[in-house]
Each structure stands twice: as C-alpha cells, then as structure tokens.
Amino acid sequence: MDGIAGPEREVLDWLTGQEEAMVSLLAELVNIDSGTYDKAGVDAAGEVLKRFFREAGLAVETVPHATFGDAIRATLPHPTANDQRPIVLMGHRDTVFPKGETARRPFRIENGRGYGPGTADMKAGLVMNAFVIAALARFGGHPGPVVALVTSDEEIASPSSRPVIEAEARGARAVFNAEPSRADPKLARHVVTSGRKGGVFMALDVYGKAAHSGAHYERGISAIEELARKIPQLHKLTDLERGITVNVGLISGGQTVNTVAPHARCEIDLRYVKAADRDEAVAAIRQIGETCSLPGTTAKLTISGEFLPLERTPESTALYEAYRSAAGELGMEVAASFTGGCADSGFTAAVGCPTLCSIGPVGAHGHTPEEYVEIGSLVPCAQALALAVLRLRDAG
Ligand SMILES: [Zn+2]
C-alpha cells in the first residue's frame with residue numbers, strides 16, 4: 001500500500017475514515033422492510049440511497065416500475081475518457097423477509113457482526129457501492145464513467161430489473177456485483193464468485209377428474225397419481241457431472257382425503273452450468289411434464305422465473321485478476337469460487353459484459369435470521385473495489 005499516491009491514496013484514506021458513516025447508512029437501510037413484493041418498502045429504501053447519491057453530487061435517475069420497486073441509477077461522468085462505456089457497480093435492495101421483520105429484528109451489532117434482515121444480502125454491498133462512487137466523485141482518478149445501479153427484485157429472479165440490467169450491461173465496460181463475499185478458512189478470508197449456475201424455476205399443473213373415492217371411485221382420474229409418476233423421471237434428468245440438477249422442491253394437490261384428486265402441482269428448479277445446456281434441459285422437463293401416461297389426465301408446464309449462468313470468459317478472468325491484484329496490494333487475500341446459486345450477474349455476463357460477482361462485504365447465512373455481515377470488512381472491501389476501479393486504465 002506504500003507505493004499508492006495521488007487520487008488513489010486520497011480515495012483509500014477517505015474510505016478508511018468512513019466506517020461509522022457506512023454502519024449508520026447500513027442500519028438505516030436494514031431497518032426499512034423491503035421484501036420484494038413490498039413496493040412501498042423497496043422504494044423507501046431506494047429514497048435513502050438516492051439522498052446519499054445526491055449529497056455526493058451524483059446525477060440520479062429513476063427507472064419507474066408499477067409493480068416492483070423502481071430501479072435507480074447514479075452516474076459519475078467522465079467527459080474526457082476515451083472509453084465512455086461505464087464501469088457498473090450493481091446491487092439489489094429487495095430482501096426475502098416479510099413486512100414487520102425489521103421491527104422484530106432491527107439492525108444490531110454483536111461481536112463485530114452486523115445482524116438484521118438483508119444486512120449481508122445485500123444492503124452492506126449497496127453501502128459499499130455508494131461509498132465507493134462517492135469517494136470517486138470526491139477525489140476523481142476514475143478511468144471512465146461510473147454507474148451505481150440499484151435494482152429491486154433480485155430475490156424473485158428480477159422480472160422487472162432484468163431489462164434494465166441487460167441494457168446497462170450491453171453498454172458497460174465491466175460489472176462488479178456487490179453480493180456478499182464469504183470467508184472460507186480453506187481458501188481465503190475473502191472469497192468472491194467468478195462463476196454461477198443458471199437456474200429455471202417452473203411450475204407443473206396436472207389435471208384429472210374429481211370423484212367421490214368411496215361411492216364413485218371409477219369415475220375419477222387422479223392428478224396426484226399422474227404427478228407422482230412424473231417426479232422420479234424428472235429427478236432422473238439430473239447429471240451431476242455436467243452440473244445439471246432437477247429438483248422438485250414443492251408438491252401440492254388434491255381436495256379431500258375422500259376425493260380422487262382433480263388437480264396436483266409441483267414446482268421444479270433446474271440448474272445448469274453451460275448456457276448451451278439450458279434449452280435441452282427445459283425441453284426434457286417439458287416432455288416429461290406434459291406427456292401424461294394416466295388416460296384422461298393433462299398437464300401444463302410454466303416457467304415462473306429464470307437466472308442465466310455466470311460463465312467464465314477470458315475477459316471475466318482478467319477482471320477477477322485485476323480485482324485480486326488491487327485487493328492484494330491492500331493486504332487482502334482473495335480467492336474465487338464457483339457456486340450453484342444464481343444472481344443478477346448472470347444477466348450481465350450473458351450479454352457479454354465482463355462481470356465479477358460477490359465482491360461485497362464478507363457475510364454469511366443469507367435468507368435466515370442468523371444472517372450477518374462482518375463490520376470490519378466494510379472498509380477493506382470498499383477500498384479493494386475502489387482501487388480495482390481506479391486501476392481499470394483508460395484503454396484509449
Ligand atoms: Zn442478493
């Protein structure tokens with residue numbers, strides 16, 4: 001860190017003194033319920049960030065949405081850079097928690113860990129992005145325009161944010177997605193994500209015919225029996241070697257114990273590694289799902305949500321190496337891992353933009369009451385990101 005001077009030094013030094021302010025912004029964000037379907041709450045959390053961005057002197061733009069929270073773009077321009085494609089700092093502000101959760105479990109710090117709904121996934125990442133773009137606005141030195149993009153519905157596969165994310169990534173130079181990083185004693189104190197599986201969430205509805213199972217059994221056609229025949233076939237599509245998994249995670253159906261079931265439903269989660277495998281796997285699931293063997297039954301498969309895979313490319317590997325070397329200069333040990341979990345980074349990678357994911361503050365146990373973020377990682381992760389951005393030299 002000794003050889004760092006100029007704006008780089010100023011940005012890093014300023015961030016060193018921001019832990020208290022970062023924690024205070026984090027507390028404010030965590031204490032606003034922002035479950036994905038709570039538009040008012042997601043927008044209220046957005047207002048806090050918009051205020052912060054405006055105070056940092058950034059241009060703020062809202063991309064409105066009628067059903068889900070609005071998307072927010074804060075822009076730091078660079079009129080003279082040869083490469084005008086922005087470097088994008090991305091994050092989502094919706095959580096998986098119901099309204100009222102923040103009153104039951106407000107933000108608190110215990111033994112250096114910050115707890116509360118969405119604290120690691122990913123309000124701490126949003127705080128990091130906000131402070132990084134604010135630092136760059138204050139001291140400059142960034143090699144091109146920088147955009148902080150705050151989305152609203154990642155936890156349900158981004159139905160409203162996906163087009164906004166894809167449009168941003170199509171014109172971007174690189175995307176850093178601030179999902180939490182994790183500590184792994186076997187790898188490093190700071191493990192980021194360089195690859196993710198794609199995922200397709202599907203619902204399969206099976207229809208039969210109701211009948212009194214005591215008086216008129218023979219008049220009925222059991223949708224439950226038909227669905228039950230399909231499930232082992234669906235699970236058999238799993239090919240662990242290719243990284244393809246099919247899981248029937250939910251089943252429901254029937255009317256009463258003494259009625260032949262007129263309807264049954266299951267929900268299916270497909271995961272895959274290679275983009276090229278996606279269509280074939282969905283077709284195989286549809287074939288099994290909609291081909292009925294019990295006469296008189298019918299079935300319909302619908303796709304309810306989807307994430308694309310974050311596939312490694314030479315460009316994304318170079319971005320990871322640049323980040324790792326910047327972090328290394330600050331004394332942070334970084335490693336990369338692959339995960340079956342999905343995120344918005346798959347959408348940006350799929351349109352060809354070099355993407356690095358899970359560079360947010362170190363956290364664990366997302367989606368549970370045990371979720372926490374390491375408070376001590378807020379500043380170092382912000383510094384690593386800032387330095388990585390500063391070092392993406394103007395290509396021109
Ligand atoms: Zn997340």
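Ala-275 touches Pro-309 and Glu-311, leaving out residues up to four places away in sequence; contact here means heavy atoms within 4.5 Å. You will find Ala-275 in the loop between strand 14 and helix 8, where helices (H or I, at least four residues) and strands (E, at least two) are DSSP runs numbered from the N terminus. With a relative accessible area of 41%, Ala-275 is partly exposed; buried means under 20%, exposed over 50%, and partly exposed in between, using a 1.4 Å probe and protein chains only. Between the C-alpha atoms of Ala-275 and Arg-138, which are 137 residues apart along the chain, the separation is 41 Å.

A word on the ground rules. This is a predicted model, in which local features need pLDDT of at least 70 and side-chain atom pairs count only at pLDDT 80 or more, while totals for chains, interfaces and linings use all residues. Residues are numbered from 1 along each chain as its sequence is written, and side-chain values use heavy atoms, with hydrogens and water left out.

Strand 12 and strand 14 (residues 263-272) run antiparallel and are joined by 8 bridges.

Next, the nonpolar interior. In soluble globular proteins, nonpolar side chains tend to be buried together. A nonpolar core is a set of buried Ala, Val, Leu, Ile, Met, Phe, Trp, Tyr and Cys residues joined through side-chain atoms within 4.5 Å. The largest one here has 69 residues, and Phe-53, Phe-176 and Tyr-323 touch the most other members. Helix 5 (residues 119-139) supplies the largest share of this core, 13 residues. Beyond four places in sequence, the contacts of Phe-53 include Leu-58, Val-60, Ile-72, Ala-130 and Ile-133. Apart from this core lies another, of 38 residues, among them Val-175, Leu-234, Ala-281 and Leu-308.

Phe-53 also belongs to an aromatic cluster, together with Trp-14, Phe-52, Phe-131 and Phe-139. Rings of Phe, Tyr and Trp (its six-membered ring) pair if their centres lie within 6.5 Å, and planes under 30 degrees apart count as stacked, over 60 as edge-to-face and the rest as tilted. The whole structure holds 7 aromatic pairs. One of them is the tilted pair of Tyr-115 and Tyr-372, at 6.0 Å centre to centre with 55 degrees between the planes. Tyr-115 lies in strand 5 (residues 113-115) and Tyr-372 in strand 19 (residues 372-374), so the pair ties together parts that are 257 residues apart in sequence. Both Tyr-115 and Tyr-372 are buried. The charged end of Arg-108 sits over the ring of Tyr-115, 4.5 Å from its centre; this requires NZ of Lys or CZ of Arg within 6 Å of the ring centre and within 35 degrees of the ring normal. Likewise, Arg-105 lies over the face of Phe-97, at 5.1 Å from the ring centre.

Finally, some backbone details. Most residues other than glycine have a negative phi, and most peptide bonds are trans. Asn-111, however, has a positive phi near 50 degrees, and Ser-158 has one near 60 degrees. Asn-111 is in the loop between strand 4 (108-110) and strand 5 and counts as exposed at 77% relative accessibility. Ser-158 is in the loop between strand 6 (146-151) and helix 6 and counts as buried at 0%. A cis peptide bond, with omega about -10 degrees, joins Asp-121 and Met-122, and Met-122 is found in helix 5.

Terms used:
Two strands pair if DSSP finds at least two bridges between them.
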